[in-house]
2 protein chains.
Amino acid sequence: MAQQTVLARIALNAWQIQVDRTTKFINESSDELLLKEIAPGKNRGIYLMGHLIAIHDAMPEILGFGKKAHPELAAIFITAPDKTVDKIPTVSELRAIWPSVHDRLKNEFSNMPADKWFTRHESMTDADFEKDPARNKLSVLVNRTNHLAYHFGQLRLLK
Amino acid sequence: MAQQTVLARIALNAWQIQVDRTTKFINESSDELLLKEIAPGKNRGIYLMGHLIAIHDAMPEILGFGKKAHPELAAIFITAPDKTVDKIPTVSELRAIWPSVHDRLKNEFSNMPADKWFTRHESMTDADFEKDPARNKLSVLVNRTNHLAYHFGQLRLLK
């Protein structure tokens, strides 16, 4: 197996493990539980769920395979802190969006040739990439995986 | 730059970012804060700190550059849940061990040739590795990074 393929597979395995764990957790949690704060005065489960959706929905743009499907979520779940926006999507609405965002990524990733992971991501210039070739599409995937693990560790406290 | 080197660098950057963030958080936290539970009825900060040390102290064995420096910590911070062991190290004692474990890793990583990351890790057989070459030393680093991010997300709730 080409080393490129091995590398992409390590990063993709790690990503999918985190996505699957978080999906399972959400599917096994009631709406009521997800409306609770993960600790007194901290973010609610619903906010972290929306935050992860909004961040992952932006990945196709950074990785170069299309526009966000839910651009309206960024203002609610990234820019604004929890409990500062009056009207936010319900847990049911987020449950419907969650699999579509992650299935889209899974599908695109499975069609992506390994060498494409080593090209620059869309939010940096060619000149910057020449200076630091480690800032490629794969590094975006690795960073998003750690971001997901960070918030999954928090979500798990609801149980 | 060889692609092997690029990928090892992505993974090492991601690891060091998580280590540095967690170290900064611990250094800025009082002993009193670290003795608190991250959420009611959940693990205390001191337990997560000891847990991360014990897991990271085992990495040299898995990656093939030496024995654990603190083998006694595994029983307290991995096998046993929090608040079940009478006598555990103090926060001060853990503060002294934390940098030694992470500096050792940083030092070993900086001396490690990129291609060595693509060899099998020590807790699997050659036959298994032939079946799945993605289970190499680099995959151990990637998994430990996600594990660290997961618990750092929890530690951050203390603030």
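Let's start at B:L138: setting aside neighbours within four places in sequence, B:L138 is in contact (heavy atoms within 4.5 Å) with A:L7, A:I10, B:L7, B:A8, B:A11, B:W117 and B:F118. This is a predicted model, in which local features need pLDDT of at least 70 and side-chain atom pairs count only at pLDDT 80 or more, while totals for chains, interfaces and linings use all residues. Residues are numbered from 1 along each chain as its sequence is written, and side-chain values use heavy atoms, without hydrogens and water.

How do the two chains relate? Chain B superposes on chain A by a rotation of 180° with 0.1 Å of shift along its axis, at an RMSD of 0.1 Å (least squares on C-alpha atoms of residues with pLDDT of at least 70 in both copies). The two copies are thus related as by a two-fold rotation axis. The same surface serves both copies, as 97% of the contact residues of chain B recur in chain A. Of the residues of chain B, B:Y150 comes closest to the rotation axis, at 2.1 Å (C-alpha).

Key
Chains are lettered from A and ligands numbered from 1 in the order in which they are written.
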